[in-house]
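Hi there,

Here's the structure I promised to pass on. Have a look at it, and then read my notes below.

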Amino acid sequence: EGIVFKLSNYCTVVSKEDQKKIYDLYKTRPLILENGIDKNRLKKFKEIKHPKQFIIFSGSYEYFSNKQAINELVWNIMPKILRKFPNLKLIITGKGLPKDIQNKDFIIYYNYLPKEKLIFLIQKSKII
């Protein structure tokens, strides 16, 4: 780790605490790329219209693992869940969702959502 931090032109950490630790250990000051949600920023986000109860899946259908997960959710899991919770919706965000999935009555599809709207929906969802 020390060699990587000393030889790198640019090194990064995810918090001020990590930055201090790296400086104390290796005498190099990495850049901070915050990785997480700041509660203060969340308060500024505006509410968007959403169903009362929903599950959210955020990820491009074009990515193979997401494609497998979405197919499993839509064709196998959701029909079972909807028997007990008929008003539950599934919000899917990301590129490439096929029309046969988009057109299902329990699906709400967003090809793209600005970060603040995505975070708002994640906060309001029952399951992620």
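Helices (H or I, at least four residues) and strands (E, at least two) are DSSP runs, numbered from the N terminus. By that count, the protein chain has six helices and five strands, and from the N terminus on they go α-β-α-β-α-β-α-β-α-β-α.

Bear in mind that this is a predicted model, where local features need pLDDT of at least 70, side-chain atom pairs count only at pLDDT 80 or more, and totals for chains, interfaces and linings use all residues. Residues are numbered from 1 along each chain as its sequence is written, and side-chain values use heavy atoms, leaving out hydrogens and water.

On to the inside. Of the 128 residues in the protein chain, 31% are buried (under 20% relative accessible area, with a 1.4 Å probe and protein chains only). A nonpolar core is a set of buried Ala, Val, Leu, Ile, Met, Phe, Trp, Tyr and Cys residues joined through side-chain atoms within 4.5 Å. The largest one has 15 residues, and I70, V74 and M78 are among those with the most contacts inside it. β3 (54-58), α4 (64-84) and β4 (89-93) each give two or more residues to this core, with α4 giving the most, five. Apart from it lies another core of eight residues, including I48 and F120.

C11 counts as buried because its relative accessibility is 11%. Leaving aside neighbours within four places in sequence, C11 is in contact (heavy atoms within 4.5 Å) with F5, T28, P30 and L31.

Cheers

Note on methods
Buried means under 20% relative accessible area, exposed over 50%, partly exposed in between (1.4 Å probe, protein chains only).
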